[in-house]
Every structure is written in structure tokens, then in C-alpha cells.
Amino acid sequence: MARKMKTMDGNNAAAHVAYAFTEVAGIYPITPSSPMADYVDQWSAQGLKNIFGTTVKVSEMQSEAGASGTVHGSLNAGALTTTFTASQGLLLMIPNMYKIAGELLPGVFHVSARCVASHALNIFGDHSDVYACRQTGFAMLAETNTQEVMDLAPVAHLAAIEGRVPFINFFDGFRTSHEIEKIAIWDYEDLKEMCDMDAVKAFRKRALNPEHPVMRGSHENGDIFFQHREACNKYYEAVPAIVEKYMGKINEKLGTDYQLFNYYGAEDAERVIIAMGSICDVAEEVIDYMNARGEKVGLVKVRLYRPFRADKLVAAIPATCKKIAVLDRTKEPGALGEPLFLDVIAALNAQGRTGMQVIGGRYGLGSKDTPPSSVFAVYEELAKDAPKAQFTLGINDDVTCLSLEEKPAPNTAAEGTIECKFWGLGGDGTVGANKNSIKIIGDYTQKYVQAYFQYDSKKTGGITISHLRFGDKPIKSPYYINQADFVACHNPSYILKGYKMVQDVKPGGVFLINCQWSAEDLDKHLNAETKQYIAKNNIQLYTVNAIDLAEQIGMGKRTNTILQAAFFALAKVM
């Protein structure tokens, strides 16, 4: 099946799928999920038809609690309903989620998983929000990257419609939700073909209607509540098989191999990581590198996290495996271990799979970067006779000494990938220009692309760092660039403040500074460390005065178009 290729981020991919299966969207915006609802609203206003031949009715409430109430009521009225949220927003929906699941209503929540504020607010990504919903009765489906969001989001909708269990469909906030990649997109006819229209009809028939009244949401005492609570068991037991069925349909159409748990790596691996979310792509890069050099390592990717099928997880682990590291993107203070770690231990126990050592680690809280060096550190730890039972990645824990030592790692990105980094000021147009640049490269050349934008939480006025990659091979590098072919400093004050920018340029790479300085000024402003690095590594240094040029041609402070042209010329894009 040939699919159209388009350059977009994870939120756009999720919205594209959600729109197809949605009749009503009850929304309230929260970063980083807001663009999903925004796309749905725009398409609805433009008259785009879903697979049922109608436009989506979008209802924006005054809080996430109101949005989830809308979802609950709308589902009870017989309309297929969706919402989009994250973090505290998702937590405000929890009371209604118990009701939606308890009443077996097929809603879908698309969640760009984000950190829940604890000792401080953090608006970036981890899994603390979705883990907080484990007890609600929602099924949970996880995706790794933008292409997977496009491919697998239909499973949440299709399985909810047939199985009557509502779904959280989640992916990493910012890292996947805002990461731009060139992906193959669904045609709505293909999505319609997979939808069980008889199950849709049965759902509509169950709608509350004054013409044929039924009682729902009544009050029960201790004599019967427990019995009724257990009555949902058979629906949950059926969900994994339904998910597998729709994954099978998708695999048939796309030639993919999506399973409840996917294994990647050496068939005879002795050391295995179990994880979910964007870290799986980083792990795959490291596995390819290590196995090519004679190591035996692997990864189990968790896709259906709830209901958790122990037998399917255990079947995905190679028989040769001796040691497992389970990675969780959250912290549950006081627990014996984080949620996925405890689930894995319970699954191995339930299946009688013994003789393996299982350790648990935390990583990536609040979007802390998880580069290949972190994954190398995990496999190195697993190789020890007595690895740490609990550990942290990517930080230096000098309080409880749980962190693993990380050494400089080789470049594991796909061969021939060009990596570029841009330092800008929030609001100066750098991010917007780079989004345009990557979409131009993605949509008008044969190249694969990836773009990620690192913001300061102050947004406008804060530092922005854009990470752009493009090349002839698929790119699976969801981490910051630190060995760039091209680095641009769009704000000269960063030079004066002594930020380490040029240190990220590869030997022989290009460093571009936007400034109004003469050669003498430049010599004065560059510190000795920067000059030494430029000289030692044969860095090509360029300056451009986009500030005065923009003034002259009537663009005011918008220097980004000029700098974009400079980038295209120097990075030899076209």
C-alpha cells in the first residue's frame, strides 16, 4: 500500500488519526498537547469529513475537568468522543476516567506525556502523568516516534470501539509530540475499512435516550458493589487479543511488525533493556552499534502497557537472556521500584521465568536528555557481576549515589546524517525559520529529516536551541545533537556570555555568528577557549550581519529569513 509522505510532528500525526474516528472533541488546551486539539479545530472549521462522513464537533471547556465531563456525557449520548491532554490536565480528568471506564465507554485520550509538577513545575516530558492513571481502568498504548504515532494511534480507536474499554494513547511530550519527521500518512479510506461498523452501531444503540430509558450510574451499597465491579473482567481479558487483531490489520497494510511487545536486537542476547517511549529509538541505535562489534544485547519495546499481558512480555525476551534492566521515565518516591519495573518482576514470576537478574532505572525526568551514552552505560552496568539494583541515568546523583557513570559515546546516528544546531532567542523567529527549513528539506527533497526544538520554559525571551538532522537514511536519534556539522549563533550576546557553542562543532565543521562586529571586535569578543577550539579543530568560522541587513530591507528585527539563506548555503542543503 503506497502512502503519501509528509513532514510533520507527533501531535499532527495523532490529530490526523484522531480526527478520522472522532465525532465530538471535548478539549481544554495544555502544553504540549494543545496543537492536537488545534489541528482538529482547524480541520473541522475547514469542513474536513471524518470516516463517518461528518465534521468533528469541537467543544472547548473551561478546564480539563470540564473537558473530561464533556467526553463522558457525549459518549453516553452515543457520539464517539476524544480529548487531548497531558500532565496536571490529565490528572484533573481522573474522576471522570473512572466513570468512563466503569461504564465501558469507548473514549480515547491522546496524551503527549508530560511531567507532573512536584517540588517544582516542569512543563517538559516524562511518564509521571500516564502512570498516575493506572488504576482508572483505561487501556494504555505507547508509541516511540512520529511514524509510530501515525501507524498505531488507530489501534486505540479501533480497539476501544470493538472492546468497549477506553484508551489512553500516549507518546513522549515534546520529544515525540513536537519532533518533526518525514512520515507516511494514512488515507482515511484505509482507516474506514478497518473500522468495525457493527460495533459502532451497537455503541450508538446503547446511547441514553428518553424514548427507551435505562438506569446508569446508580448508587450501590456493599452488598452488590464488589460483584458488579468484578463484572468487567471479561472485557479486560479480551482487550489484548483485540489490540493484536488491529495491529495485525495494520501490519498487513503497511508491511510492519507491530506486536504487544516488540523485541529488537541479537537473537541470543544476554543483556536486555525493557522500556517504552522515545528511548527505544536511542536503544536501537546503540544495539546496532554494539551487536556489529560482537556484543549480544537487545531491547523489548512495550506497546500495550495496560492491560499487561505477562505471557506476551516473557515470550518476547530471548531464552538466552541473563540480565534485564527495566527503564522507567518517572519516580515513585518510597516505592520498591517504578511501575514498569514492578510489572516486569510480576510478569516473570507469574510465568515462572527464573534465573534472570532484573534491575530498575529512572531516566529522562522532565525531558532530561537521554543520549546513546546513557544506554551504553546501562549495558555496561548489566555486564557487571553485581549491577546496581536501582539506578538513575543522565544525572550525577551525589546524594544517594545511584547514578551510572557515563563515558563519551561514539556517534551512533545513521551514516551520512548531517547534524545542525541553532542558538536563538525565544521570539526572534529562529524556531519558526527552522521548522520551515526542515519542512522544505523533507517535502521537496528525497532526504529523511528530523527536527527538535529545545526551549527554555520562559519561552519568549529565553534561549532556544534547534536541533536539525537530515540525510539519505532513516533517522532514529531522539536526543540532543552534540557533534554537529553546522552550528549557528543567531544572538551575538551568547558569545559575550561565554556559552559553549563552538565545542559542539565536529572537526572541520562550520560555525556561523550573526553579529555587527568587525574582525577586530570579533577577536576581542571570542574567548581564548573558543579560539583554541576553532584553531585545533580546523573549524570554518563565518559571520553575517543579518541585524543591519534586515533593517535596510525593511524586515525590522526578523533576521531569520536571512539566516535561513545563510544556513542553506553553508550546510549545502540543496
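Q: Which residues are linked with K253 in a network of salt bridges?
A: The network joins K253 with D190 and E193. This is a predicted model, in which local features need pLDDT of at least 70, side-chain atom pairs count only at pLDDT 80 or more, and totals for chains, interfaces and linings use all residues. Residues are numbered from 1 along each chain as its sequence is written, and side-chain values use heavy atoms, with hydrogens and water left out.

Q: Why is the pair K253 and E193 called a salt bridge?
A: The closest N and O atoms of K253 and E193 are 3.1 Å apart. The rule asks for a side-chain nitrogen of Lys or Arg within 4 Å of a carboxyl oxygen of Asp or Glu, so the pair counts. K253 in helix α10 (residues 233-254) and E193 in helix α7 (residues 188-194) are 60 residues apart. By this rule the structure has 28 salt bridges.

Q: What makes K473 and E415 a salt bridge, and where do they lie?
A: Their closest N and O atoms are 3.7 Å apart, and the pair forms a salt bridge. K473 lies in the loop between β18 (463-471) and β19 (484-489), and E415 in the loop between β15 (390-392) and β16 (418-425), so the bridge ties together parts 58 residues apart in sequence. K473 is partly exposed at 40%, while E415 is exposed at 63%.

Q: Which salt bridge does E419 form?
A: E419 pairs with R469, with the closest N and O atoms 2.7 Å apart. E419 is in strand β16 and R469 in strand β18, so parts 50 residues apart in sequence are tied together. Both E419 and R469 are buried.

Q: How many cavities of 30 Å³ or more does the structure hold?
A: Three. A cavity is a set of points on a 1 Å grid over the protein atoms alone where a 1.4 Å probe fits but cannot get out.

Notes: 1 Å grid on protein atoms, 1.4 Å probe; cavity = no way out; pocket = protein on both sides within 12 Å on 5 of 7 lines; lining within 4 Å. Points joined across faces, edges and corners; volume = space filled by probe spheres on them. Helix = DSSP H or I, 4+ residues; strand = E, 2+ residues; numbered from the N terminus. Buried < 20%, exposed > 50% of the residue type's maximum accessible area, 1.4 Å probe, protein only.
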